[in-house]
Amino acid sequence: MSAVPNSPHSPRVLITGGSRGIGLEVARDLAASGHQLWLAATSEKVREAASQLGPSHRASRVDVADPNSVASLFAEIRHEWQGLDAVVHSAAELGQTGNFWQLDPEKLAHTLRVNSAGSFFIAKAFVQAWLDTAPNPSSRRGKIILFSGGGAAYGYPQFLPYGTSKAAAVRMCETMSMELDAAQISIDINIIAPGANETSLLAAVRAAGGEVRTVVPFSKPIALCRWLLSSDSDGITGRFIHVNDPYPTLSPGSLRAEALKLRRIDL
């Protein structure tokens, strides 16, 4: 991603879930390549994480499941930076595990709110901020990166809350991209399948008896995020991209309409 035209600043990126795991690893990579970062997470540790990246980076606590908390975050960013170029939304929770008839309805609803509604709250706030602060929105492209997870593309027994919430985020991404395109708003939104990375969430999956066939190094989701934030991916939007897909070869004209999307298979 290049800097905004006629603006002296480096690309400014919000990273949710930035205090640990994939979010923090992506933050370290982007900080090293000259991006200005605003890390956000529920934990106070997010401020320490930002300070370790360097003095130009910022941090805030946020509850992505609370639209008021998200609105406050974006108001703070606007006051400090007057604009934002991209968001990497990696904040999520695993939620309760077990057979669906054993699950607590309130805990299920909370996981759906964090992982599904949270993606909506963040994307909505970014688009509104983009339209408010961009003098000519068509002169540059904004970028939104969402994260899917195990169970988003297939059934995952014992992990219904997580898989369902992530599948909803995939469909949300596709629908949002269609609406942005129809409104001629130059923002690309995609959702990635990062693979199984060695995070605290993966440790919880193992502890709950989840099957983990292969582990993917952090370098793979980092590389995919870097590509999606760059101008190389301009026009690629509404897609569900796995870290092992041949994404560097993709272009808007090369993709079939139904490629890299969730679809039923006809008989």
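Guide: Happy to. A search of the whole structure finds six aromatic pairs, where rings of Phe, Tyr and Trp (its six-membered ring) pair if their centres lie within 6.5 Å, with planes under 30 degrees apart counted as stacked, over 60 as edge-to-face and the rest as tilted. F100 and W101 make an edge-to-face pair, with 5.1 Å from centre to centre and 85 degrees between the planes. F100 is exposed at a relative accessible area of 56%, and W101 is exposed too, at 60%. Here buried means under 20% relative accessible area, exposed over 50% and partly exposed in between, with a 1.4 Å probe and protein chains only.

A word on the ground rules: this is a predicted model, in which local features need pLDDT of at least 70 and side-chain atom pairs count only at pLDDT 80 or more, while totals for chains, interfaces and linings use all residues. Residues are numbered from 1 along each chain as its sequence is written, and side-chain values use heavy atoms, leaving out hydrogens and water.

Now to the charged pairs. The whole-structure search finds 13 salt bridges, a salt bridge being a side-chain nitrogen of Lys or Arg within 4 Å of a carboxyl oxygen of Asp or Glu. K143 and D234 meet in one of them, at 2.8 Å from N to O. K143 belongs to strand 5 (residues 142–147) and D234 to the loop between helix 7 (219–229) and strand 7 (240–242), so this pair ties together parts that are 91 residues apart in sequence. Helices (H or I, at least four residues) and strands (E, at least two) are DSSP runs, numbered from the N terminus.

Elsewhere, the side chains of E44 and R61 form a salt bridge of 3.7 Å, N to O. E44 is in the loop between strand 2 (36–41) and helix 2 (45–53), and R61 is in strand 3 (residues 58–61), so the parts tied together here are 17 residues apart in sequence. Both ends are partly exposed, E44 with a relative accessible area of 41% and R61 with 46%. R264 and D266 meet at 2.6 Å, N to O, and both of these residues are exposed.

Seven strands form an open sheet in the order 3-2-1-4-5-6-7, with parallel pairing; two strands pair if DSSP finds at least two bridges between them. Strand 3 and strand 7 are the edge strands, each pairing on one side only. On average, neighbouring strands of this sheet are turned by 20 degrees against each other, direction ignored. Helix 2 lies across strand 2 and strand 3 and runs at about 175 degrees to strand 3. Axes are lines fitted to C-alpha atoms, for helices over the stretch in contact, and angles run from 0 to 180 degrees between N-to-C directions.

The largest nonpolar core has 39 residues, and L14, L73, F74, F126, I144, I187 and I189 have the most contacts inside it. Such a core is a set of buried Ala, Val, Leu, Ile, Met, Phe, Trp, Tyr and Cys residues joined through side-chain atoms within 4.5 Å. Strand 2, helix 3 (67–81), helix 4 (105–133), strand 5, helix 5 and strand 6 each supply at least two of its residues, and helix 4 gives the largest share, nine residues. Leaving aside neighbours within four places in sequence, L14 is in contact (heavy atoms within 4.5 Å) with residues including W38, L73, F74 and I77. A second, separate core of 34 residues includes V26, V88, V216 and C225.

Stepping back, the chain has seven helices and seven strands, and buried residues make up 49% of its 267 residues.
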